[in-house]
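Colleague: I have a model open and would like to learn how to read it. Could you walk me through it, one feature at a time?

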Amino acid sequence: CIPCRCNGHSNECDPETGECINCQDNTAGDRCQFCVKGFYGNATIGKPGDCQLCKCPLGTSSNSFASECNVRGDGSLECLCREGYTGDQCEQCADGYYGDPSVPGDYCKKCDCNGNIDPDVSEWALCNPFTGVCNRCTNKAAGDRCERCRDGYYGDAVVAKNCAKCECSACGAVTSVCNHTNGACQCKANVIGPNCSTCKVSHVAQWE
C-alpha cells in the first residue's frame with residue numbers, strides 16, 4: 001500500500017486506481033492537480049492556498065465575474081468573463097447591461113426598459129452603463145425604465161402599452177398634461193368633468 005497522491009488536497013483515493021476523491025482547496029483532477037474553474041494557481045505545490053479566486057476584477061466572491069482565468073506568460077491574468085461582463089478584468093458591463101463590477105457588492109444587471117425601446121437601437125444605447133436609465137423610450141413612454149406614459153399621454157406603458165393623448169379642454173384645464181395613468185385632467189376653478197369641459201351648476205363659461 002502507498003499513500004494517496006493528491007498533492008496535499010485530499011486524504012481519500014480509490015483503493016484500486018488511486019484516483020483522488022473529494023479534492024479540497026478548490027482543486028480538481030484525478031490527483032487534485034488542477035484548480036477548479038473560477039480559480040487560478042499551481043495546485044501541485046501542495047498548500048491550501050494554491051488556488052486563488054480569479055481577480056476579475058476583485059478577488060472576492062461577490063466581485064469575481066470570470067467563468068475561468070489563466071496566467072499569461074508575462075504574469076498578468078487573462079479573464080474569461082461571464083455573460084454581461086467585458087474588459088480585460090471583467091471590470092465593465094457589456095452592451096445591454098449596467099452597473100459597476102469594480103465596486104464591492106455591485107454587479108451588472110440587464111437593462112430593463114419594459115419593452116419600450118426601439119428594436120433597431122444598438123444594445124450599447126439601450127441604457128446608461130452605470131445607472132441603467134433608459135436612453136430612448138418608445139410607444140410614447142417615459143421614465144428611467146420607460147415605465148409610464150410621457151407628459152401629455154396616459155394609459156398603461158408597461159403591460160398594455162396603450163398610451164393615448166390627454167383630452168384636457170384647452171379652455172377649462174389648468175394644463176394639457178393629465179394623470180399619466182387614468183387621464184384625469186386638472187380643472188380650473190368652477191370647471192368640472194373628466195376633461196374639464198363643463199361649468200359647475202350656476203356658473204357660465206368665461207374662458208380666458
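Colleague: What distance separates the centres of domain 1 and domain 2?

Modeller: Keep in mind that this is a predicted model. The chain splits into domain 1 (1-52) and domain 2 (57-107), and their centres, taken over C-alpha atoms, are 26 Å apart.

Colleague: How many residues of each domain are in contact?

Modeller: Four residues from domain 1 touch six from domain 2. Together the two domains bury about 380 Å², with carbon and sulfur atoms giving 65% of that area. On the domain 1 side, Lys 37, Gly 38 and Tyr 40 supply 92% of the buried area, more than any other three residues.

Colleague: Which side chains meet in a salt bridge?

Modeller: Look for Lys 37 again: its side chain pairs with that of Glu 68, at 3.9 Å from N to O. A pair counts when nitrogen and carboxyl oxygen are within 4 Å, and one salt bridge is found across the interface of domain 1 and domain 2. By class, the domain 1 side has two nonpolar, one polar and one charged residues.

Colleague: Now the backbone. Which residues does a cis peptide bond join?

Modeller: Check omega: for the bond between Cys 56 and Pro 57 it is about 5°. Pro 57 sits in the loop between β6 (51-53) and β7 (66-71).

Notes. Residues are numbered from 1 along each chain as its sequence is written. This is a predicted model: local features need pLDDT of at least 70, side-chain atom pairs count only at pLDDT 80 or more; totals for chains, interfaces and linings use all residues. Side-chain values use heavy atoms; hydrogens and water are left out. Domain bounds come from an automatic or database domain assignment. Contact means heavy atoms within 4.5 Å. Buried area is the accessible area (1.4 Å probe) that two parts lose on being put together, summed over both. Ala, Val, Leu, Ile, Met, Phe, Trp, Tyr, Cys and Pro count as nonpolar, Asp, Glu, Lys and Arg as charged, and the others, Gly among them, as polar. Helices (H or I, at least four residues) and strands (E, at least two) are DSSP runs, numbered from the N terminus.
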